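Have it open alongside, and go through the points in order.

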Amino acid sequence: MSGLKFVAERTGDGAGQPFLDTDNGEELMHVQPETAVVLGIRPPESPGTLYITSKQVVWLSDTDRSKGYAVDFLSVSLHAVSRDPEAYRDPCLYAQIDNGVEDGESEGSSDEGDVSSDLSRITELRLVPSDPNQVDTLFQIFCDCAELNPEPIEEEEEEHNWIFSADQLENQEAEDSEWMISQNSTHPIGHSNGDHDLAHNVLQLQINDQRFEDAEEMDSDSKNGHHHS
């Protein structure tokens, strides 16, 4: 699940620490004590401790072991240092969260509902260390960890290449047909019949598609004396 998540469990004595997914290489990168967290338009929550791992950002309350929040770096779409008192009264690290929810469904009203549902609508996060000089350090660590979590490559792009607009077809038909023909003419000897038939069928399909797209023009041309053998 993308977006902000509620953390109700932790490990260790005292205030405890977050569980790390060590089997998948998650490592603790930085601990920032005495840090408040501000979720969206809610009031700040403190005292707490910030844990930055190689995969996520976790804030745990120092006084309530069942209260904490976490967000994966893949869900952090933007982070920046904020020192503008008009934006927030204290220097802090500001982050935008991609929660996978349509804009109209994001936080605004405080509807009744379970905690996880409420958190899923949060799109902004502020981390406010008691020592304002630590803001730049937090920013650099966020940058380093973001590089460890690059955006996954969209596999859908290849699949969608089969769907063309009319303009794209006009621009690509000639190029695609030429590519198909050159592929057929340059295959080495020993090309299997199955592959040859497939290539021929694809080429034929390409030509048929072109004729379908240019139906009106083809109809006009046939009236002007085109003959079929």
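**Notes on the predicted model**

1. Let's start at Ser-82. Setting aside neighbours within four places in sequence, Ser-82 is in contact (heavy atoms within 4.5 Å) with Ala-87, Asp-90, Pro-91, Cys-92, Tyr-94 and Arg-126. Ser-82 sits in strand β7, residues 76–82. Helices (H or I, at least four residues) and strands (E, at least two) are DSSP runs, numbered from the N terminus. Ser-82 counts as buried, at 8% relative accessibility; buried means under 20% relative accessible area, exposed over 50%, and partly exposed in between, with a 1.4 Å probe and protein chains only.

2. Ground rules before going further. This is a predicted model, so to speak of local features pLDDT has to be at least 70, side-chain atom pairs count only at pLDDT 80 or more, and totals for chains, interfaces and linings use all residues. Residues are numbered from 1 along each chain as its sequence is written, and side-chain values use heavy atoms, with hydrogens and water left out.

3. How confident is the predictor? pLDDT is its confidence in each residue, from 0 to 100. The protein chain averages 79, and 59% of the residues score at least 70. Over residues 106–113 pLDDT stays under 50, and there the model has 14 contacts beyond four places in sequence. Residues 185–194 are also below 50 in pLDDT, with one contact in the model beyond near neighbours in sequence.

4. The overall tally: the protein chain has six helices and nine strands. Of its 229 residues, 30% are buried. Among contacts between residues at least 6 apart in sequence, 61% join residues at least 24 apart.

5. On to helix α2, residues 135–148. Its 14 residues reach 20 Å from first C-alpha to last, close to the 20 Å expected at 1.5 Å a residue; the expected span is 1.5 Å times one less than the number of residues. Which of its residues are buried? They are Val-135, Leu-138, Ile-141, Phe-142 and Cys-145. Down the axis of α2 these fall within an arc of 120°, so they line one face of the helix; the arc is that of the directions from the helix axis to the C-beta atoms. The buried residues of α2 pack against β2, β4, β5 (56–61), β7, β8 (92–97) and β9 (124–129).

6. Beyond four places in sequence, Leu-4 is in contact with Leu-39, Tyr-69, Ala-70, Val-71, Ile-97, Leu-119, Ser-120 and Ile-122.

7. Thr-49 deserves a look. It is found in strand β4 and is buried, with a relative accessible area of 10%. Its side chain and that of Asp-62 are joined by a polar contact of 2.9 Å. A polar contact is a pair of N or O atoms within 3.5 Å; within protein, one must be able to donate a hydrogen and the other to accept it, and residues adjacent in sequence count only if both atoms are side-chain atoms. Val-31, Trp-59 and Leu-60 are among the other residues that Thr-49 contacts beyond four places in sequence.

8. Two backbone items to check. Most residues other than glycine have a negative phi, and most peptide bonds are trans. Glu-34, in the loop between β2 (28–32) and β3, has a positive phi near 55°, and at 55% relative accessibility it counts as exposed. The Ser-46 to Pro-47 peptide bond is cis, with omega near -5°; Pro-47 is found in the loop between β3 (35–39) and β4 (48–53).

9. Ser-2 lies in the segment before β1 (5–6) and is partly exposed at 33% relative accessibility. Its side chain reaches the backbone oxygen of Asn-99 at 3.3 Å. Ser-2 and Val-71 are 69 residues apart along the chain, with their C-alpha atoms separated by 7.9 Å.

How values were computed: pLDDT is the predictor's confidence in each residue, from 0 to 100.
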